[in-house]
Amino acid sequence: MKIKAMFVSLIMLSLIPVSMVQANEQSESEVDEQLEEQRYHLKLNEWQNQGLDSIAHYEQSIPPSAFINIDDEELLPSSQSNGYEDSVFYWRNQDSLTVEVEVDKEGLYEIGFDYLPQGDSIIPIEGAIQVNGEYPYSESRRIVFPSYWKNETEDFKTDRSGNEIIPRQVRLKEWQHLKAEDSQYLYKRPLQFHLNEGKNTITLNNLRGEMLVGNVYITSVKQVQTYEEYLNSFSEAEQQEGLIKYQAEHPSEKNNSYIRPMATEDPAVTPYDLDRLYLNTLGGDSWNTAGQTVSWEVEVEKTGFYRLSFKALQDKASNAPVYRTLLINDEVPFEEVEQYQFKHSKKWYNETFSNNEGDPYWFYLEEGKNKISLKADTSPHARVIFTIDDVMQEIDELSLSIRKLTGNQQGTRDWDIEEYIPGIDEQLLEWANLLEEEMAYLMSLNNGVESTEISSMKIAIDKLKKLAAEPDEIPSRLTELSTGSNSAAQFLGNIRTQLTNQPLLLDQFYVHGDVRLPDAEADLWTKTKDSTLSFFKSFTEENLATSDVSEDTLEVWVNRPRQYVELLQNMTDQNFTPETGIKVKYSLMPDESKLVLASAANTQPDLAIGISNWVPYELAIRGAAVDLRQFDDFEEVGQQFSPGAFLPLIVEDNVYALPETQDFFVQFYRKDIMEELNLPIPNTWDEVTEILPELQRYGLNYYTPLAEESAFKAFQTTSPFIYQFGGKIYQEDGLGAAIDEDKALEGIQFMSDLSTIYSMPLQVPRFYNHFRYSTLPIGVAPFGTYVELTTAAPEISGWWDITPQPGIEQEDGTVERWAAGSGQASMIFDGNEKEEEAWELLKWWMSTETQTEYAVTMQTLFGPEYMWNTANLEAFEELPLPEEHKDVILEQWEYLREVPKTPYSYMVEREISNAWNRAVFDGENVRASVDDSVILINREMRRKLEEFGYMENGEVIKPYPIPTIEKVEGWLEVNE
């Protein structure tokens, strides 16, 4: 599928070296040959069409002592091999290992590794495989080596209410074996690699993480037998009787720490008690990602054939089925239990592994212990996902071509689009036809049930057909094709996400003979009784809602989701209260904006945690917050944080909160694209503007937070430019804005020039998506983008990196990189008699030890997307993140400079935004626009300062000192 356009595909060109795009010296076919690697399924088809096939019965192992081109210091003796009993290679720090293998016959082979994970990172270990110096297909650029985990204890502990709590997770320190697989697990079998007859080199490059590597294996492709062949291979075995029940919430191991037990309140599950919460099921949304594997140890008294049944609840929101692959003792017993379907049901049901006619399978188990595993499987949806990816990429390419053609005139003139892009209507219809084929395939998988994915695909197809009917309208209706929230591309992206989600909740499973299984659902009487009792119990049960607490208990409101608060309550009950004797009750905060009203009504808590950093100021200036500088050890506590993070928490010379979390703005860049374009990674804004022409030559660009979708530009997007150019936002005495001074004006002028002169994008709905799809391969973005790229962009994992954000070079050669870091804060309310106890709790909560434990536990139990960006610098150094990334973030935090709060700061923030908008969109002179803004700011300043007692009748009663980093450092005796 190719777009017949006069413009070369911009996305694909982003991966072509600069030398390849000169004077059209190469034909399109020559260029195509040098694009990024094909996907595996296309390459495999190509190999098979060439007559290449798997080799029968071949295995060769290469020990670490035979690895070539390695650092000898990383080759550890058997005494340091952690039980491998041979020398091992310590693979880490972006290093690589290479083996040389000689095969007698050209063909397709599998590659395996013995490995033992090292370090404490929750993020998976990742590598990339090259064969004879080349990546054979795109999937070889990311191979995941999972760590295996288990519950620290199977005797679940309870909280203050008697409810069971999720146990800590322990990494298994056991050697593992892995055959290289696609990191997204879109293929049901391991990857195959083409080796030439004779000598070949295989290189494993380190992308992230560290592990010990034992032998590397080159083997023939293992075939999986049919069920009939499987039965014939155990012809002497007999079918066994009886029934053995196992609780699913007690697995022996799992390859993600955050596949966790759940407390399901349903009388159908076991164990169950109306008066307490048991962890009685496993999985659900924590077991929804392809490749996630759970294993259980079962024990049988006799060797023979057994059936396997799982009591499941599969209520995926889209009404689609999900899939699992069954393994016994780490092997797929027969091909019929690959891609096994668990139907959608809102009720519990027993799923006995059976064929399409409902005849149960028999599984061979040896006497004694056996391992039963279920692996989440997306591979039945692979063909649909591949089609969606292709269509979305071509939609993006077409949209870029249209935008390049029309510029900013999409809706201002009529277009004869066929003149410029012949056959555009046919292209749209071709996409629609491809999607209709995939929709029919999904319908067959779903047994005729229309899932949300199918409904969404119908809408996307309908949009494409309507646009094809009126192609000249496409430039003015581009939001329906690619850029809008209801565009065809958006619907396809949502479908892709839904197809990869494979949630499954299990209560228990059975190893059994030809016997009747227990009912999966509770009977009607039990359900009715439980529902009635639960209704009356809801009036008296204790939960995390705000409520009255006893006089000897600290009341704390927390502005975070339930799982954050539950973990904090458990840690407090287990650690803080026994050590201090201070009782604490945490409650979910209904709305942080109501804290001011609660204070006015004298119903405020003793402390508030997780609140936005503007809230303490609003309470403090109204006399409702405790000054933390009054405590003798504030100086020692305050040294744990960046001085610039305190600025919005200060009124006059008093500090009213501690920073709790901290954002960071760093420069993200695609290593693969920047290397292909031979572009340096900029260190200053001058260097950014130098690379812009080359980026824009290929239809690419540089992103700054100024391009966020909102027209309002907050301080976090505008203040960095003012501060980096040496400007100020307020007068030192607080009596007016300083944005009309020369250095501040220089910063505002530059951030306007980025759009008007340097043509940086004006509006980017989501940088994360553009970064993934290569249209914006470099830019400045915050912590949220880091989390997304780390956890939700597996296709580019290892191919991006971060640096401190660009800044302004000074005369002495240093670079000023000032940036905001708005996060959450914790504060103590004034007017209570437990200030000392509250301070003790606040110190404990923000201590290095507590913050480290909290951060690691959140990620371990709930997944890497629950990254905790603590404001405690020492704790941040201990977080399970790549060391090189922590170094960059900590370096950027040396330039953290939040904008201080004033009674009129909202007006300053708004008017800087207005001045930028007028300069960029209306073409106004920046100085004149800022002068107008300063008049409005100073008018509002006088009104607000009179309201809070700093002015009277236009006269200054007392100054309003603006806090500075230097002042905070003096309070904390930093660098003394």
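Let me start with strands β4 and β12 in this predicted model, where β4 and β12, the latter covering residues 198-208, pair in the antiparallel sense over 8 bridges. Is β4, then, mostly covered or mostly open? It is mostly covered, with 6 of its 8 residues buried.

Let me move on to another sheet, which is open as well and has 5 strands in the order β27-β26-β28-β38-β31, although here the pairing is mixed. The edge positions are taken by β27, residues 583-588, and β31, residues 658-659, each with a single partner strand, so that one side of each has no neighbour in the sheet. Within this sheet, strand β28, residues 607-612, and strand β38, residues 824-828, pair in the antiparallel sense over 5 bridges, and isoleucine 611 stands opposite alanine 825 in β38.

Which helices lie across these strands? One is α12, residues 562-580, which lies across β26, β27 and β28 and runs at about 180° to β27. Another is α22, residues 835-845, which lies across β26, β27, β28, β31 and β38, and which runs at about 155° to β38.

Now to the interior. In soluble globular proteins, nonpolar side chains tend to be buried together. In this model the largest nonpolar core has 152 residues, and those with the most contacts inside it are Tyr586, Leu658 and Phe668. Helix α26, residues 905-921, gives the most to this core, with 7 residues. There is also a second, separate core of 80 residues, which includes Ile125, Leu191, Phe386 and Ile424.

Stepping back to the whole protein, we have 28 helices and 40 strands, and of the 976 residues, 57% count as buried. For 976 residues, a compact globule would have a radius of gyration near 30 Å, and the 31 Å of this protein agrees with that. The C-alpha trace spans about 100 × 80 × 60 Å along its principal axes. Among contacts with a separation of 6 or more, 78% come from residues 24 or more positions apart. The protein exposes about 41,800 Å², and carbon and sulfur atoms supply 44% of that area.

I will finish with some backbone details. Most residues other than glycine have a negative phi, and most peptide bonds are trans. Against that background, the peptide bond from threonine 270 to proline 271 is cis, with omega near -5°, and proline 271 lies in the loop between β16 and β17. Glutamine 339 has a positive phi, near 50°, and its place is in the loop between β20 and β21. Asparagine 447 also has a positive phi, near 55°, and sits in the loop between α7 and α8. How exposed are these two residues? Glutamine 339 is partly exposed, at a relative accessible area of 28%, whereas asparagine 447, at 60% relative accessibility, counts as exposed, because the cut-off for exposed is over 50%.

Key: Residues are numbered from 1 along each chain as its sequence is written. This is a predicted model: local features need pLDDT of at least 70, side-chain atom pairs count only at pLDDT 80 or more; totals for chains, interfaces and linings use all residues. Side-chain values use heavy atoms; hydrogens and water are left out. Two strands pair if DSSP finds at least two bridges between them. Helices (H or I, at least four residues) and strands (E, at least two) are DSSP runs, numbered from the N terminus. Contact means heavy atoms within 4.5 Å. Axes are lines fitted to C-alpha atoms, for helices over the stretch in contact, and angles run from 0 to 180 degrees between N-to-C directions. The radius of gyration is taken over C-alpha atoms; the globule rule is 2.2 Å times the number of residues to the power 0.38. Buried means under 20% relative accessible area, exposed over 50%, partly exposed in between (1.4 Å probe, protein chains only). Accessible areas come from the Shrake-Rupley method with a 1.4 Å probe; for residues, only the protein chains shown count as cover. A nonpolar core is a set of buried Ala, Val, Leu, Ile, Met, Phe, Trp, Tyr and Cys residues joined through side-chain atoms within 4.5 Å.
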